[in-house]
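Here are my notes on the model, as numbered points. Please read them with the structure open.

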Amino acid sequence: MSSIQTDGNTVLVITARNSDTGDAVTLALQGLGVRTVRFDLADLGRTVSVSARCDAGQWQGSLTVRSRVTKLRDVWSVFWCHPTPPRVWGDGMTQAQMQWASQEALAGLAGVLGTLDCLHVNRPSDIRRAQIKVGVVAAAERAGLTVPPTWIGSLPSGARRFNLGAPDGIVTKTLTVPQITEDDHRVRPLYTTLVVDSDLDAVATGITHLQHRVVTDYAVRAHTIGTRTIAVRIDAHTTVGRTDWRATPESLTSTPNTLPSPVADALIALVQCYGLPYAASDLLVDSHGRWYFVDLNPAGHRWLENELPDLGITQALAQLLAGDSERPSRNGLTAAA
């Protein structure tokens with residue numbers, strides 16, 4: 001029979017089974033001597049079960065993972081890293097019934113764990129808010145960051161006026177996922193793309209997101225972890241890559257970088273206003289040394305450590321989750337709901 005742990009210092013790592021980030025953070029936590037319980041939401045009904053009751057405004061109960069039982073009140077922090085949603089099926093269930101039951105399982109399991117009164121890196125509800133790019137643009141400017149002039153709309157005449165005011169042209173960017181999955185399951189990526197005036201009639205077919213183009217000297221990926229910032233300079237060596245470095249990963253070189261203090265402070269203010277202990281931000285630096293904020297990723301991976309293993313992102317995340325580093329607090333800045 002399993003014994004229930006009561007040390008109050010358990011970190012849950014909720015991630016897909018094949019997650020490199022999940023592997024690295026789990027090992028770093030174990031290296032710090034922290035009791036770590038790792039699982040995927042998709043393991044519900046196989047190796048994961050939960051029993052919880054709301055009592056006096058708090059969810060109480062237990063989580064069982066591969067026969068290891070943890071009281072919910074003993075969870076110190078939770079690391080959410082792209083878990084796979086539960087998939088529920090049973091004999092005689094239709095596809096529609098299976099889909100409904102799986103949605104119920106996700107709402108229940110992730111809902112209970114997401115409301116635990118502990119540190120979440122990052123709470124799923126905060127991730128969803130921070131993925132609304134329209135709100136992020138406004139929140140970034142309020143935090144003190146410089147954002148390229150931005151237009152969203154469906155009127156070609158408005159898009160043309162916006163284009164006329166752009167000295168170096170305009171680009172279009174996605175507002176949701178940067179890819180389309182075709183019927184044959186092929187994935188077509190959608191990168192930041194230069195737009196010319198003759199393209200703008202297509203604006204009338206839906207909603208388009210446009211920004212003034214930044215003539216980029218180099219890009220920066222900045223990781224805000226608690227009150228720390230770990231940044232990497234990314235140099236693209238192709239014309240397409242300088243518009244969006246994701247388009248030509250083979251042409252990139254990466255080096256550690258230090259942000260100007262005002263930029264680092266503004267990024268911390270931005271992620272704190274969304275309640276995020278961790279986020280990755282993308283910035284562009286032009287030939288005049290001006291810094292522009294272009295994107296916030298509240299669920300970014302630590303992939304740059306594959307090239308720069310001494311970068312320290314994983315260790316900083318583990319220290320934050322273990323309580324060995326300063327935790328962020330919300331400031332007076334608030335994000336739009």
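This is a predicted model: local features need pLDDT of at least 70, side-chain atom pairs count only at pLDDT 80 or more; totals for chains, interfaces and linings use all residues.

1. Strand E15 (residues 216–225) and strand E16 (residues 228–236) run antiparallel and are joined by seven bridges. One point to check on screen is His 223, whose bridge partner in E16 is Ile 230.

2. Ser 281. This residue belongs to strand E18 (residues 278–286). Is Ser 281 buried or exposed? Its relative accessibility is 0%, and buried means under 20%, so Ser 281 counts as buried. Leaving aside residues up to four places away in sequence, Ser 281 touches Val 220, Arg 221, Ala 222, Leu 267, Phe 293, Asp 295 and Leu 296.

3. In soluble globular proteins, nonpolar side chains tend to be buried together. The largest nonpolar core here has 34 residues, and the members touching the most other members are Leu 29, Phe 79, Val 121, Ile 225, Leu 311, Leu 317 and Leu 321. H8 gives the most to this core, with seven residues. A second, separate core has 28 residues, including Ala 140, Tyr 218, Val 271 and Phe 293. Phe 293 is also among the contacts of Ser 281.

4. Leu 311. Which residues does Leu 311 touch, not counting residues up to four places away in sequence? They are Ile 230, Ala 231, Val 232, Pro 256, Leu 304 and Glu 305. Of these, Ile 230 is the bridge partner of His 223.

5. Helix H1. The twelve residues of H1 (residues 20–31) should span 16 Å at 1.5 Å a residue, and the end C-alpha atoms are 17 Å apart, which agrees. At the start of H1, a side-chain oxygen of Ser 19 comes to within 3.4 Å of the backbone nitrogen of Thr 21. Just after the helix, Gly 33 has a positive phi of about 80°.

6. The buried residues of H1. Thr 21, Gly 22, Ala 24, Val 25, Thr 26, Ala 28 and Leu 29 are buried. An α-helix has 3.6 residues a turn, so residues three or four places apart point the same way. The buried residues of H1 pack against strand E2 (10–15), strand E3 (35–39), strand E7 (75–81) and helix H8 (313–322).

7. The four-strand sheet. A second open sheet to look at has the order E9-E14-E10-E13, with antiparallel pairing. Strand E9 (150–153) and strand E13 (193–195) are its edges; each has a single partner strand, so one side of each lacks a neighbour in the sheet. The twist averages 35° from one strand to the next.

8. Pairing around E14. E9 and E14 pair in the antiparallel sense over four bridges, with Gly 153 opposite Thr 208. Strand E10 (residues 170–172) is joined to strand E14 (residues 208–212) by three bridges, also antiparallel, and here Ile 170 has His 212 as its bridge partner. On E9, Trp 151 and Gly 153 make up the covered face, while Thr 150 and Ile 152 make up the uncovered one.

9. Backbone points to inspect. A cis peptide bond, with omega about -10°, joins Val 121 and Asn 122. Asn 122 is in the loop between strand E8 (119–121) and helix H3 (124–130). Ser 67 is not a glycine but has a positive phi of about 70°; Ser 67 sits in the loop between strand E5 (58–65) and strand E6 (68–71) and, at 52% relative accessibility, counts as exposed. His 185, likewise not a glycine, has a positive phi of about 75°. His 185 is in the loop between strand E11 (179–181) and strand E12 (187–189), and is exposed, with a relative accessible area of 67%.

Definitions and conventions
Residues are numbered from 1 along each chain as its sequence is written. Side-chain values use heavy atoms; hydrogens and water are left out. Two strands pair if DSSP finds at least two bridges between them. Helices (H or I, at least four residues) and strands (E, at least two) are DSSP runs, numbered from the N terminus. Axes are lines fitted to C-alpha atoms, for helices over the stretch in contact, and angles run from 0 to 180 degrees between N-to-C directions. Buried means under 20% relative accessible area, exposed over 50%, partly exposed in between (1.4 Å probe, protein chains only). Contact means heavy atoms within 4.5 Å. The expected span of a helix is 1.5 Å times one less than its number of residues. A polar contact is a pair of N or O atoms within 3.5 Å; within protein, one must be able to donate a hydrogen and the other to accept it, and residues adjacent in sequence count only if both atoms are side-chain atoms. A nonpolar core is a set of buried Ala, Val, Leu, Ile, Met, Phe, Trp, Tyr and Cys residues joined through side-chain atoms within 4.5 Å.
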